Every structure is written in C-alpha cells, then in structure tokens.
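Biologist: Could you take me through this structure step by step? I would like to begin with a term that I will need later.

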Amino acid sequence: MLQTSPQSTPRATRKGTQALEHTHDLDSLSRLDVDALGRLYALGTPPATVDGLEGHPRGRLLAVAALDHGVVGALVRSLMGAALFPWGGKSFVGKGTSGRGFNRFHFGGRRQLLPFLTRVQASAVDGAPCIALDYDLRDNPGFVRAIQDEVREIQPGLFLGSAMWKAARGPRFILSFALDTRVQALPIGGA
C-alpha cells in the first residue's frame, strides 16, 4: 500500500477518484509490492504519444510476481537494485504514436539487446491507453518474442511498467519495472 507522507496531497485521477500524489523515484518504487505498483500503474497518465520516453532513461526492475514479499522479496529487490545488476534500462527513438528501442545491458561491456517497437495502444492490464513495447521481432529469440511490456507515466519523467508473457489465455504478469527519463544514460554505439 502507498505510504502517506507530508509531501503527499490528494489529486483527481483520470477515473475521477482521489489518489495520493507522492514524489517517487526508482528507490521508493522498489520498496512497493506488486499490488501497490499495480494500483499506481492504474493511476498513471494515459499517453497520447511516445515522445516522453525519447532518450536513454535509467531503468530498474522493481518486483517479480509471487516473489515480492518476505525474505525472498527483499533478496530479489536487493539484487535488482545492485550496481552490478546487468539491466540498465531501455533506450527509445520515436515521435508521435510509434517508435522503436532496445534494452541496455552491462556485462562484458555496454550492450544494446532485445529490440522492440513502441506504440500507443489499449493496455492488456486495464484497457486504458499505454505505451506498448512489442518484442515480436525477427532479431529476438523465440522466448523474448513472447514478452509484452507496457508503460505509463506516473509523475513527470517517471514511467512505471509491466512486463507480461503472451500466454494462450491472454498476457500473464511477470514483473514491474520503472524508467526514469530525468536520469539519462550515455548512448551505446551512437544509438
């Protein structure tokens, strides 16, 4: 559940309900469980374009389905937040309602891997608009092509995302991640 702080103030959401507005960063988001992150995602700003993600935002994996509580959850969060964790975020190029990008990894040097296409579309989570990241590209291995990500802006420059597996009965949630466009990484290979 989201913690109330002196910096929190009520605001109206797109659904007309009251929510707490809280200044978050990657560290504060990493302390939330899957359910709290899901509620925060639902309150995110529906995007009209992919422009807000342009660049090389710093990323962090936040919580993994069924591994977000207790000692195991604490260990998983610690590993995902470690300086040596290999995933550093995503990089985006695009304007309007579509674009492209890749994931940035740091092992044996800096690498750009697992390309994706971006577009504004209805969320698999709740049907409201989101920015979808589609990995179903020829350059990706089969298991990666079955991944579907989506993101929404939860405060200026901070995007919360859900990674899902495309299952026969519909997408299955895997993990939550965040992208902070206020903290930009250096581009890899001029991309």
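Modeller: A residue is called buried when its relative accessible area is under 20%, exposed when it is over 50%, and partly exposed in between. Please keep in mind that the model is a predicted one.

Biologist: Is Leu-114 buried, exposed or partly exposed, then?

Modeller: Leu-114 has a relative accessible area of 25%, which means that it is partly exposed. The residue belongs to strand S6, residues 110-122.

Biologist: What about the phi of Leu-114?

Modeller: Leu-114 is not a glycine, and yet its phi is positive, at about 55 degrees. As background, most residues other than glycine have a negative phi. Ala-66 is a further case: it is not a glycine either, and its phi is positive at about 65 degrees.

Biologist: Where is Ala-66, and is it buried or exposed?

Modeller: Ala-66 sits in the loop between S3 and H3. Its relative accessibility is 78%, so Ala-66 counts as exposed.

Biologist: Let us turn to H3. Why does its end-to-end distance make sense?

Modeller: Helix H3 covers residues 70-81, which is 12 residues, and at 1.5 Å a residue it should span 16 Å. The C-alpha atoms at its ends are 17 Å apart, so the two values agree.

Biologist: Which residues of H3 are buried?

Modeller: They are Gly-73, Val-76, Arg-77 and Met-80. Viewed down the axis of H3, these buried residues fall within an arc of 100 degrees, so they line one face of the helix. On the other side of H3, the residues Val-71, Leu-75 and Leu-79 are exposed.

Biologist: And what covers the buried residues of H3?

Modeller: The cover includes helix H1 (26-30) and strand S3 (57-64).

Biologist: Which strand does S3 pair with?

Modeller: S3 is joined to S10 by 7 bridges, and the two strands run antiparallel. Within this pairing, Ala-63 has Ser-176 of S10 as its bridge partner.

Biologist: What else is joined to S10?

Modeller: Strand S9, residues 158-167, is joined to S10 by 10 bridges, again in an antiparallel arrangement. Ser-162 stands opposite Ser-176 in S10. S9 and S10 form a hairpin, with 2 residues joining them.

Biologist: Now the aromatic rings, please. How many aromatic pairs are there?

Modeller: The count is 4 aromatic pairs, where two rings pair if their centres lie within 6.5 Å. One of them is Trp-87 with Phe-177: the ring centres are 6.2 Å apart and the planes are at 80 degrees, so the pair is edge-to-face. Trp-87 lies in strand S4 (residues 87-95) and Phe-177 in strand S10 (residues 170-184), so the pair ties together parts that are 90 residues apart in sequence.

Biologist: Are those two residues buried or exposed?

Modeller: Trp-87 counts as buried because its relative accessibility is 10%. Phe-177 also counts as buried, because its relative accessibility is 2%.

Biologist: Which other rings are linked?

Modeller: Phe-92, Phe-116 and Tyr-135 are linked into a cluster by ring pairs.

Biologist: How many residues of S4 are buried?

Modeller: In S4, 7 of the 9 residues are buried, so the strand is largely enclosed by the rest of the structure. S4 is joined by 8 bridges to strand S5 (residues 98-106), and these strands run antiparallel. Gly-89 has Arg-104 in S5 as its bridge partner. S4 and S5 form a hairpin with 2 residues between them, and Gly-96 in the turn has a positive phi of about 75 degrees.

Biologist: One more topic: where is Asn-140, and what is it in contact with?

Modeller: Asn-140 is in the loop between strand S7 (129-134) and helix H4 (142-145). Its relative accessible area is 5%, so Asn-140 is buried. Setting aside neighbours within four places in sequence, Asn-140 is in contact with Leu-114, Pro-115, Tyr-135 and Arg-145.

Biologist: And Ala-132, is it buried or exposed?

Modeller: Ala-132, which is found in strand S7, has a relative accessible area of 3% and is therefore buried. Its C-alpha atom is separated by 9.4 Å from that of Gly-161, a residue 29 residues apart from Ala-132 along the chain.

Methods
Residues are numbered from 1 along each chain as its sequence is written. This is a predicted model: local features need pLDDT of at least 70, side-chain atom pairs count only at pLDDT 80 or more; totals for chains, interfaces and linings use all residues. Side-chain values use heavy atoms; hydrogens and water are left out. Helices (H or I, at least four residues) and strands (E, at least two) are DSSP runs, numbered from the N terminus. The expected span of a helix is 1.5 Å times one less than its number of residues. Buried means under 20% relative accessible area, exposed over 50%, partly exposed in between (1.4 Å probe, protein chains only). The arc is that of the directions from the helix axis to the C-beta atoms. Contact means heavy atoms within 4.5 Å. Rings of Phe, Tyr and Trp (its six-membered ring) pair if their centres lie within 6.5 Å; planes under 30 degrees apart count as stacked, over 60 as edge-to-face and the rest as tilted. Two strands pair if DSSP finds at least two bridges between them.
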